[in-house]
Amino acid sequence: MSASELTKQELPALDLSALEPVLTIISAQLLRRGWMLATAESCTGGLIAAACTELAGSSQWFERGFVSYSNAAKTELLGVDAALIARHGAVSEPVVRAMARGALMHAHAQLSLAVTGVAGPSGGSADKPVGTVWFGWCLPGATTGQPPLLHSEVRHFAADGLTTRAQIRAATAQHALGWLAGRLAALD
């Protein structure tokens, strides 16, 4: 399920149980492979981890979640280089990729997802307006011993008409988990 499948009226009141269908897919795929997931979240403040642990039995596939809201937390918890944040800003592709790698390095997990963005209502800029969110996913290599596959992308949720903090955070969680579910299913 993607964020676009939920109406603008549903997003502000998104109940974590609304993510259950996509989490059921993720859990089945991870359990089948014996993999664990770690999350690194900034703008969602742990919403993705909370959604994962809302599903009964998630301790069998969800290893841990890092809430790295501040730049210092990104550095201290995930090992993101402070110079990288200073050079590119916290809401950037290099930082989200470092967050995804850092989550894997600091957890007992085989894959990770990371998000960093501007949920609003303030904090945006001309380059990074409210609704800008960077996503990063680190997945196991195709064969044992290969380095993890790292994928990142940006979404501009305001362009989709999602403008409130609640809408942006909900859409972020939905997109991060939806992409992961699709990618895991494609591995078959």
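1. Helices (H or I, at least four residues) and strands (E, at least two) are DSSP runs, numbered from the N terminus. The model is a predicted one, in which local features need pLDDT of at least 70, side-chain atom pairs count only at pLDDT 80 or more, and totals for chains, interfaces and linings use all residues. Residues are numbered from 1 along each chain as its sequence is written, and side-chain values use heavy atoms, with hydrogens and water left out.

2. The sheet. Five strands form an open sheet in the order β2-β1-β3-β4-β5, and the pairing is mixed. Two strands count as paired if DSSP finds at least two bridges between them. β2 (62-67) and β5 (149-156) stand at the edges with a single partner strand each, so one side of each has no neighbour in the sheet. From one strand to the next the twist averages 10°. Strands of a sheet pair through backbone hydrogen bonds, either parallel or antiparallel.

3. Pairing inside the sheet. β1 (residues 37-41) and β3 are parallel, over five bridges, and L37 stands opposite L111 in β3. β3 and β4 run antiparallel and are joined by six bridges; S112 has C138 in β4 as its bridge partner. β4 and β5 are also antiparallel, with eight bridges, and L139 stands opposite L149 in β5.

4. Strand β3. Is this strand mostly covered or mostly open? β3 is mostly covered, as seven of its seven residues are buried. Buried means under 20% relative accessible area, exposed means over 50%, and partly exposed lies in between (1.4 Å probe, protein chains only). In a regular strand the side chains alternate between the two faces of the sheet. In β3, L111, L113, V115 and G117 point one way, while S112, A114 and T116 point the other way, and all are buried.

5. The cis peptide. Which residues does the cis peptide bond join? The bond is between G120 and P121, with omega about 5°. P121 is found in the loop between β3 (111-117) and β4 (132-139). Most peptide bonds are trans.

6. Helix α5 and L104. α5 lies across β1, β2, β3, β4 and β5 and runs at about 145° to β3. Axes are lines fitted to C-alpha atoms, for helices over the stretch in contact, and angles run from 0 to 180 degrees between N-to-C directions. L104 belongs to α5 (residues 93-105) and is buried, with a relative accessible area of 14%. Contact means heavy atoms within 4.5 Å. Not counting residues up to four places away in sequence, L104 touches A109, Q110, L111, S112, C138 and P148. From L104 to Q174 there are 70 residues in sequence and 21 Å in space, C-alpha to C-alpha.

7. Helix α1 and S27. S27 sits in α1 (residues 20-33). Why does S27 count as buried? Its relative accessibility is 9%. Leaving aside neighbours within four places in sequence, S27 is in contact with L55 and W61.

8. Cysteines. A disulfide is taken as a pair of cysteine sulfur atoms within 2.5 Å, and the structure holds zero disulfides. C52 is in no disulfide, and the nearest cysteine sulfur, that of C43, is 15 Å away. C138 is in no disulfide either, and the nearest cysteine sulfur, that of C52, is 16 Å away. C52 counts as buried because its relative accessibility is 0%; C138 counts as buried at 2%.
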